[in-house]
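These are my notebook entries on one protein model.

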Amino acid sequence: MTSTGGGSVDVSGGRRPAGLPAGLLPEVFECLPDAVTVSAAVRDAGGRAVDMRLEYMNAAARAGQPGQAAPIGGLCSELWPQMVENGSFAACMRVLDTGSSEQGAFTWTQASAYRAADYEYQAVRVGPDHLLWVLRDNGERVLRAELLAEVTTALAAATTITAVMTILTARIMPAVGAMVGAAVLSEPGSDCYTVRHLHDADQAVEAPAPFSVDAPYPMAYTARTGQASFFADPAERAHAFPEAAHFFTERFQSTAVLPLRVEERLFGAVSFHFSLPHAFAESERGFLSALVGQCAQAIDRARLLRESADKQAQIQALSDVSRVLATSLDPETTFANIAATVVPRLADGCLIHLLDEAGQPALVALAHQDPAQEQALRVLLRDYPPRRDAEGGIGAVVRTGRHELVTDVARTLDGLARSPEHHSALRGLIPAASWLAVPMTQAGVVIGAMVLIQATPAQTLFTERDIPFAQELAHRAAQAVDNAQRFAEQSRVAIALQRSLMPASLPEVPGVEVAACYHPGARGSLVGGDFYDIFPTGPRSWSLTIGDVCGKGPEAAALTGLVRHTARAAGGLEADPRKVLEAVNDAIIADRPAHRFCTVAYACIDRTGTSTRLRLTLGGHPHPLLRRADGTITALGTPGTLLGVLDDPKLHTTEHELHAGDLLLLYTDGVTERRLGSAMLGEDGIRRSLTRTRHAAVTVTVAALEKDVIEYAPTAPNDDFAILALRIT
C-alpha cells in the first residue's frame, strides 16, 4: 500500500471503493462469512515491504472490530500489534515481496483490538502492492467438531429411542442455538408418524402426538420426501408453506428441517427453529446434517435393539403363558395369570372379555400397571360395557373377528362415545398411547377378545409387527378357556357321580349325632376313590362303611358302586361285619378282569337300652379312633388284608362298648397322608384335632379336621379324603 492510500470504503450502489485493484469485487466480499481485508503495501527506500495500510474491510471483518468500526487508513502494525507477535505480519510482508501466497493459524487474545478466537488466515498478493487477507474464525469449527465428537460418543452409548431423543433435545438443540425443535418418527411396520419430542427453552416438554406427513407443513414435507429445507427468514418460510404460517410466531426467525435417514430408509425428520436470523451457509447446513445423521444412525440401532428385545420378550412371554396355563384349570385364575404375564413386561394394560350367554362381551380379567388407570377402566367398563353393535373397540372385534390397532387414541375414543357422559369418561383414558385388540376364537368361532394397552411414551406404540404375537397370545388364552370349560364340565359330572356314590343325606340315628364330609383331590375332574355310607340294618341297628378304592375316574367309580351296594346288600343279611366284607371281597374277585382292590372299614352299632355296642372289621383300612368322653383317644380294630386281592382274606371283628359322650371317627388315608414336603399329617395330627375339639359338636369336630387337612400345606390336597364320625348322646 502507498503512503497516500486511505479513506473509507463505500460498497453501496455497486461503486468500487477507491484504491482497490481491478478485479476485486467488494460486493462479493460483503456476503462472505469470513473476514476479508485489503491493504496497500508500505515499502522502504529499497522497495521492501515494511507495513500495510488498511483500505477495505468486509462486513464479517468489521463485525470483529470493537464497536464494529472500520479503521480505514491505519497501519496494520499499529492497528493489530499482535500480528507482529504471532508471526502473521511477517508472513504478509513476505507475500508482498515474493508474490507467493501463504496461510497459517494463530490464537488472537487482544480482544481490545479484534475479537478473540482461534483463526486461520490466507494472505494473497493482488497486483504489485495490495494484500488480500482472508481470516476465518476457526473457533466455531473447533466447537462444532467438539460437539459432533461429543454427540457421536453419547449417541453410540444410547440404546433406546428415548435416550436418543434426550440427547437431541437436551444437548444438540441448545448447542446449535435452536429455541424450538421437534422430532417426527415413523412407527416401524406401519404408516403412522408421531411427534416424539418437542423442546422449548421457555416451555416444558410436550406429550407425544400423532402426526400426518400429508399435512402442508415443513416437517411433513421433509419426512415424506427426504428433502431438507432451510428458511433464512419468516418470509421464505411463509412463501414455501403458506398454510403453516399461523404455527410460527415472531420468535421463529429461521428454520431448518432435516430428514432422518439411514441409507435409503427414510423414517422421519428433525426441525430446528432459531430466534435469530440464520443465513444457513453451507458449513452450517453440513454441520446440522451431520448431527441429524448421527441421530438417525442411533435411532436405527435403537430400533434394531428394541425389535430384537421385543421378539425375545414376546417369545419368553408366550413360554411363560404356556407354563402358567398349565398351573390351573380355573378360568378366573387362568385369566389373571395371563394378564400378570403380559403386564407390565409387554404392555401397560391387558383386558380379556368373553361372550356371555346373551352374546355380549363381558369382562373376565383386567390388569394395569397404573392402579388409577385400572380403576378408571373398571368403572368405565362397568358403566359402559362394550356392545357388539359398536363401530369400533371390543364390540367390533368380537362381531367382525378382525383385529383393531389404534394409535390415534383421542380420535378413536371420540368415535366410540355414545353420550356426552360417555365421552367424558372415555377422555379419562387419554394417557393411553395405543391399543391392540384381537379376537379369541375356538374352532373358528369368536368367543371373546383380548386387548393390550400401551400408555407409556410413544416409543412403545403397538405396530403391525405386534399383531402376530397378540394373536398367538389370544389363541393360547382361548385354548385355556376351552380347557377350563371342559374341566369345569368334567368336574360337574364327577361331582354329580361322586354324590351318587354317597348318601344324599345322613340319616337320623336315635341317640347318636352323625357328621361326614368328602373333599375331592386337586384333579377334581376325576371321580375319587374315597366314599362313606351309613344305613339301617335293623330296628335299632345301623351300619357304617368307609372305604378307599384304588385309582380314579370311571373305573374307580364303578368299583366304589360295587363295594357300596354289595356292603348294603350283605349288611341287610349278615350281622357280622366280617361276613359283610367277605361278601364284598367275593364281589371284587368276581370282577377280577378289572384288577382292582380297596380298603374298607365296616362297623355295626346296636342300641340296646342305654348301651351301644360297636362291632368293627377292617379290610386293610386305617384304624378308626375312639375319643372317650374324658378325652382319651384310642385306636380301634384289628388290621386285615386288602379286599379284592386274596380269595380268603384275613379279617377280624372286634367289639367295643360306647357310652354317652364317646365319639367314633372313621377316615381314609387321604387324611393321614396329607403332605408338606416329606412330612405328613399322620394319626398324630388327627389326635391333636380331636383333642382341640373335645367339647364341640360332632359337626364342628368333622369341619375342624377337614380344615386342618386342607390347611396343612399351602397347596390343595392332591388326594381326595372322606371323614365319617358319630357321637353318642
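I take buried to mean under 20% relative accessible area, exposed over 50%, and partly exposed in between, with a 1.4 Å probe and protein chains only. By that rule, buried residues make up 48% of the 729 residues in the protein.

The model is predicted, so local features need pLDDT of at least 70 and side-chain atom pairs count only at pLDDT 80 or more, while totals for chains, interfaces and linings use all residues. Residues are numbered from 1 along each chain as its sequence is written, and side-chain values use heavy atoms, without hydrogens and water.

I looked up the secondary structure and found 21 helices and 28 strands. Helices (H or I, at least four residues) and strands (E, at least two) are DSSP runs, numbered from the N terminus.

Two strands pair if DSSP finds at least two bridges between them. Three bridges join S22 (residues 625–627) to S25 (residues 663–667), and Arg627 stands opposite Leu663 in S25.

Lastly I looked up Thr701, which is found in helix H21 (residues 698–711). Thr701 counts as buried because its relative accessibility is 1%. Contact means heavy atoms within 4.5 Å. Leaving aside neighbours within four places in sequence, Thr701 is in contact with Arg627, Leu663, Leu690, Thr693 and Ala696.
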